[in-house]
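Subject: Structure handover

Hello,

I am passing on the structure we spoke about. Please find it below, followed by notes on what was found in it.

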Amino acid sequence: MTAIQVEQLTKRYGDVLAVDGIDFSAPAGATVGLLGGNGAGKTTTIAMLLGLLIPTSGRIRVLGHDMATDRFAALARMNFSSPYVSLPFRLTVRQNLRVYGHLYNVRDLEQRIAELSDELDLGAVLDRPAGQLSAGQKTRVALAKALINRPDVLLLDEPTASLDPDTGDLVRSWLERYRGETGCTILLASHNMAEVERLCSHVLMLKKGRVVDRGSPDELLARYGRADLEDVFLDIARGRRQAVDA
Amino acid sequence: MSAALNRIWGLMYRHLALYRGSWPRLLELAYWPILQMCIWGFTASFLASRMSAGAAELAGAALLGGVLLWEVTLRSQMGLSISFLEEMWSRNLGHIFVSPLRPYEMIAALIGMSVIRMLIGVIPAILLAWAFYAFNLFAVGPVLVLFFANLMIFGWAIALSVVSLVLRHGAGAEPLAWGVLFGLAPFSAVFYPVSVLPMAVRWIAWILPTSHVFEGMRGMLLDQTLLWGQLAAAFGLNLVWLFGAVLLFNWQFRQARLSGALVSMGE
């Protein structure tokens, strides 16, 4: 089953073409990486997938729902996390999770908060204001918010940005476990190539709003004759080398 | 609880939790209405010392009644606008707009918060007016509920228009949340009848529901006459204003989704 289906997706702001007719799909249970330099169109694509931005043209279906006409049915089964979007910082972590639990109509909310608190080690910070947490704690809280409704589709925009290696690894391990247990589909925008290699079964390389290459991490490494995705990324971003079979 | 009510409660809970943890915010809600009531109460007392007893009583009632009811409009408008701005200031709108919360549910939650904020702000002022100046607004009778309803609805219509502009233009439109209603105050006939206004601007007063409410209030306080025509006009105009505000909100929300303003909201 296809969880995310994107066809000829385009977003134009005046003369600027932010996303230029991209196509991709994500099978249920897959983790798809969205890679590209700044301004490549990753955030714009995610915003359109979340219904925050109306595409200029093209079509998006998430979990069988057309995002142009039926986005709320899909949004109830999706969630999103980004270090660039805050949670109300004067509310405690518990209060924040309650707010989103209600917004996503979560049953047995207090039990769900207790589960997430255990799994993400939030017990010590549950009754502290969200604004007083460290970057690592904030990331774990953002992840708890993103998982409050047990989403079938999870959109993550640089989920481990500015985290120390230990916390970053913890988050990645947790995402792997959650995906394994629930079959959740994850769309991951990241600049951390090691993270993408570890988590993603499929990668889309974006440049100037277009998908310039795609494949599994192994396929991309073989195609560009490189040892790691960072070099593939640089090859594409700087246009210094074509795919070996191109 | 139905899913829609649960979502509306979720957003209201977010604001109630904020107020529960911040006494300065709670204090601020009641501060301005009480301050306004005191200023106009002293003014009424001063006038009373220079007028005959009957005239002074009527002038005092018109001034204090005017200021207290005007606060209902003002606090309702600010209650909705500022609750929305709180989401913008905390950079939380990105999460709100990608949740299953429908725009009309968000408006319902903001209206709920507006009612709570208005009551916290205005009820103490009404009680203090009674204690300090022996002015009992409740003496107007049950029709006071209809006055309140009209003034609140107009406040929401203005607030929705402000929110619409903030959605489209971001923080640049934020000062409207504080100032826009003051611009309508001279035409709302809060302290004087519409007939005092120059003929050329009276039409502005007559298209505002507030001017009809204040004419009705003076009818009740000064002549003990319930002006049903004024009330009906206020309700009719409010329907038009609210309908227009909802159309504007829907249009600007869609424009914001087209232009990408929601992605960068708060900047």
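This is a predicted model. I start with a helix pair in chain B: α3 (residues 53-89) packs against α6 (residues 143-169) at an angle of about 35 degrees, and their axes lie 7 Å apart. The contact of α3(B) with α6(B) is made by 19 nonpolar residues and five polar ones, with no charged residues. The crossing of α3(B) over α6(B) is right-handed.

Next, the sheet in chain A. Six strands form an open sheet in the order β6-β7-β8-β3-β9-β10, and the pairing is mixed. Inside the order, β3 (residues 31-36) and β9 (residues 202-207) of chain A run parallel and are joined by five bridges. In this pair, Leu34(A) is opposite Leu204(A) of β9(A). Helix α5 (residues 135-147) of chain A packs on the sheet, where it touches β6 and β7 (153-157) of chain A; the direction of α5 makes about 170 degrees with that of β6(A).

Last, the interface. In it, 34 residues of chain B contact 30 residues of chain A. The two chains, B and A, bury about 3100 Å² between them, with 62% of that on carbon and sulfur atoms. Of the area chain B buries against chain A, 25% comes from His95(B), Val98(B) and Arg257(B), more than from any other three residues.

Regards

Notes:
Residues are numbered from 1 along each chain as its sequence is written. Chains are lettered from A and ligands numbered from 1 in the order in which they are written. This is a predicted model: local features need pLDDT of at least 70, side-chain atom pairs count only at pLDDT 80 or more; totals for chains, interfaces and linings use all residues. Side-chain values use heavy atoms; hydrogens and water are left out. Axes are lines fitted to C-alpha atoms, for helices over the stretch in contact, and angles run from 0 to 180 degrees between N-to-C directions. Helices (H or I, at least four residues) and strands (E, at least two) are DSSP runs, numbered from the N terminus. A crossing is left-handed if the near helix is turned anticlockwise from the far one by less than a right angle, and right-handed if clockwise. Ala, Val, Leu, Ile, Met, Phe, Trp, Tyr, Cys and Pro count as nonpolar, Asp, Glu, Lys and Arg as charged, and the others, Gly among them, as polar. Two strands pair if DSSP finds at least two bridges between them. Contact means heavy atoms within 4.5 Å. Buried area is the accessible area (1.4 Å probe) that two parts lose on being put together, summed over both.
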